[in-house]
Amino acid sequence: MTDLAPDQGGEAARRRPRRWHILVFLAPTVIIYTAVMILPLIETLRQSFFNVVDGEHVFVGFANFATLFGDPRWAADFWNALGNNFIFFLIHMAVQNPIGIALAALLSLPGLRFAAFYRTAFFLPTLLSFVIVGFIWKLILSPIWGVAPWLMDLVGMKALFGPWLGKSGSALIAVSLVSVWQFIGIPMMLIYAALLNIPEEVIEAAEIDGVTGWGQFFKIKLPLILPAIGIISILTFVGNFNAFDLVYTMQGALAGPDKTTDILGTFLYRTFFGFQLQLGDQSMGATIATIMFLIILTGVCIYLFGIQRRIRRYQF
Amino acid sequence: MSKARQSTLRTSLVHVALIAYTLVALFPVFLTIINSFKSKQAIFGQPLRLPGPSTFSLIGYETVLKQGDFVTYFQNSTIVTVVSIFLVLLFGAMAAFALAEYRFRGNTLMGLYLAIGIMIPIRLGTVALLQGMVATGLVNTLTALILVYTAQGLPLAVFILSEFMRTVSDDLKNAGRIDGLSEYAIFFRLVLPLVRPAMATVAVFTMIPIWNDLWFPLILAPSESTKTVTLGAQLFIGQFVTNWNAVLAALSLAIFPVLILYVIFSRQLIRGITSGAVK
């Protein structure tokens with residue numbers, strides 16, 4: 001791939017036969033990236049076709065996948081984790097991105113005071129580690145401390161409070177919303193940047209035509225920031241189907257209660273690394289990682305070939 | 001007149017909405033920090049009051065500093081983050097320069113190859129990565145973490161930096177060549193100083209996920225001497241889960257470095273995002 005012969009050929013080739021510096025500039029990145037990222041990824045995909053039979057590492061074809069989808073115990077866990085992961089993703093798409101877009105729209109209003117302060121505040125949770133975010137919210141939502149019931153009392157909804165993280169019906173929604181709280185800064189910033197890049201003339205022209213306020217946002221600005229919305233959607237997708245940390249810190253590796261908050265990341269962790277009584281199983285771990293890879297790859301391809309190409313880009 | 005009043009009303013409504021979300025964003029952090037300075041009784045009795053003379057207590061911080069080995073954890077996190085960022089910036093800039101500056105066969109292909117890593121998370125290769133680290137004896141070393149984070153940070157760094165390097169004027173570089181500078185000197189002495197703002201942006205983007213990562217420290221380097229702050233805090237809180245003073249103090253200690261870094265770098269970060277570094 002890094003054939004260093006110059007592409008001009010002929011005379012140029014005789015003048016500079018080998019440009020070693022290109023190799024020197026590229027080598028460290030290519031070596032580390034290939035050795036630590038690409039090869040382990042390929043090796044993991046390869047191992048999903050192998051398993052240990054009678055103490056020997058043998059090729060088993062699609063047997064691991066058959067176990068994952070066919071064995072009722074594995075299949076139940078897998079579909080549960082996949083379903084939860086989709087709910088996790090849908091909550092992000094339905095809550096995080098619209099609120100992020102709305103905040104960005106408000107922040108980009110011309111002449112808004114304290115915009116820098118608001119921006120800093122909204123982005124702060126994104127910088128905190130999962131451990132901090134997870135535990136802070138665990139404490140706040142804890143019925144023992146009583147901060148959440150007290151807050152709900154302020155708005156007259158104390159009766160609605162429940163130990164959400166401990167109840168199987170609400171735990172996944174609660175964890176998803178905490179994750180939304182943490183990551184809202186990313187869509188907000190990217191949309192904010194896209195809104196700032198809309199040229200003044202376009203807005204002025206709209207104002208002369210009497211398009212202002214809500215109408216201006218929906219008819220003029222929203223179509224112009226569609227590419228940025230595409231980007232935040234795919235970033236959310238990849239991030240969510242690769243998520244692990246927040247569920248692990250809030251609900252533990254078993255993703256309780258009763259695995260109702262189990263997503264693919266925690267399922268992969270328990271499977272390949274083992275947890276408590278469960279022994280680590282590298283082959284099944286590789287199989288799950290392969291499925292996650294295919295899911296993420298499908299999402300990225302849909303984005304690259306289905307969405308990104310169809311979105312009209314406006315050149316200013 | 002009525003139009004002016006209407007627009008004042010609109011501005012106030014906008015501020016009400018923004019302040020409301022500011023409270024949502026900051027309240028949990030604020031709550032944690034104020035309660036970390038209170039006695040246990042006050043934490044439960046009046047969780048929302050600021051610490052007063054009668055409720056002020058540093059017992060939580062004392063427990064954390066006595067029990068946890070936070071100085072080591074902090075050191076580990078700093079070493080891993082700083083070395084990884086340095087390698088990502090150096091190697092990333094070199095590769096970005098090669099891709100942006102020279103036309104050679106496979107240039108586009110190489111760009112695409114490196115771009116895979118922007119979208120596909122390195123975590124998916126963890127199974128083989130752990131085996132590889134065990135085989136090379138790197139498990140439970142900071143080197144393992146540094147290698148992984150460098151590989152993880154490089155794709156986006158190359159992508160962003162090569163965009164910026166394309167904007168460096170050719171005349172300048174050619175003038176350097178005529179003056180007899182080697183390609184290395186052109187890179188290190190002419191181009192690197194010019195893309196410094198972009199490097200700062202990349203540094204911030206690289207730093208956040210490394211400092212906050214839990215997955216790789218948990219799997220590749222969980223030993224006592226190689227724990228990072230994130231993993232250390234996680235385990236400490238797990239052990240002291242009923243000691244609320246200690247938990248709140250540990251959380252506050254973990255927040256402070258991030259807060260300080262954010263104050264230092266927030267302008268750079270926001271400028272980087274709004275200038276389109278991550279399009």
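**Stop 1: a buried alanine**

Select A121(A): it counts as buried because it has 20 C-beta neighbours inside 10 Å. Here a residue is buried if 20 or more other C-beta atoms lie within 10 Å of its own, exposed if 12 or fewer, and partly exposed in between, with C-beta atoms placed from the backbone. This is a predicted model, in which local features need pLDDT of at least 70 and side-chain atom pairs count only at pLDDT 80 or more, while totals for chains, interfaces and linings use all residues. Residues are numbered from 1 along each chain as its sequence is written, and chains are lettered from A and ligands numbered from 1 in the order in which they are written.

A121(A) sits in helix α5 of chain A. Helices (H or I, at least four residues) and strands (E, at least two) are DSSP runs, numbered from the N terminus.

Which residues does A121(A) touch, not counting residues up to four places away in sequence? They are T22(B), A25(B) and L26(B). Contact means that the C-beta atoms of two residues, placed from the backbone, lie within 7 Å.

**Stop 2: where the chains meet**

Show both chains. Chain A puts 68 residues into the contact and chain B puts in 69. On the side of chain A that touches chain B, the helices that each supply at least two residues include α2 (20-47), α5 (115-127) and α15 (282-307) of chain A. α2(A) gives the most, with 15 residues. By class, this side of chain A has 50 nonpolar, 12 polar and six charged residues. Ala, Val, Leu, Ile, Met, Phe, Trp, Tyr, Cys and Pro count as nonpolar, Asp, Glu, Lys and Arg as charged, and the others, Gly among them, as polar.

**Stop 3: a hairpin in chain A**

Select residues 50-53 and 56-59 of chain A, which are strands β1 and β2; they pair in the antiparallel sense over four bridges. Strands pair if DSSP finds at least two bridges between them. N51(A) has V58(A) in β2(A) as its bridge partner. Two residues lie between the strands of this hairpin, where D54(A) takes a positive phi near 50°.

**Stop 4: two domains of chain B**

Colour residues 2-57 and 62-274 of chain B separately: the domain assignment gives these as domain 1 and domain 2. Such bounds come from an automatic or database domain assignment. The C-alpha centres of domain 1 and domain 2 of chain B are 34 Å apart. Each of these domains of chain B brings seven residues to the contact. On the side of domain 1 that touches domain 2, α1 (2-36) and α2 (40-45) of chain B each supply at least two residues, and α1(B) gives the most, with five residues.

**Stop 5: the largest nonpolar core**

A nonpolar core is a set of buried Ala, Val, Leu, Ile, Met, Phe, Trp, Tyr and Cys residues joined through C-beta atoms within 7 Å. The largest one has 162 residues, and among the members that touch the most others are I191(A), M292(A) and L161(B). Helix α7 (residues 142-165) of chain B supplies the largest share of this core, 17 residues. Domain 1 (2-57) and domain 2 (62-274) of chain B both give residues to this core, so it lies between them.

Finish on L161(B). Leaving aside neighbours within four places in sequence, L161(B) is in contact with G92(B), A93(B), A96(B), V195(B), A198(B) and V202(B).
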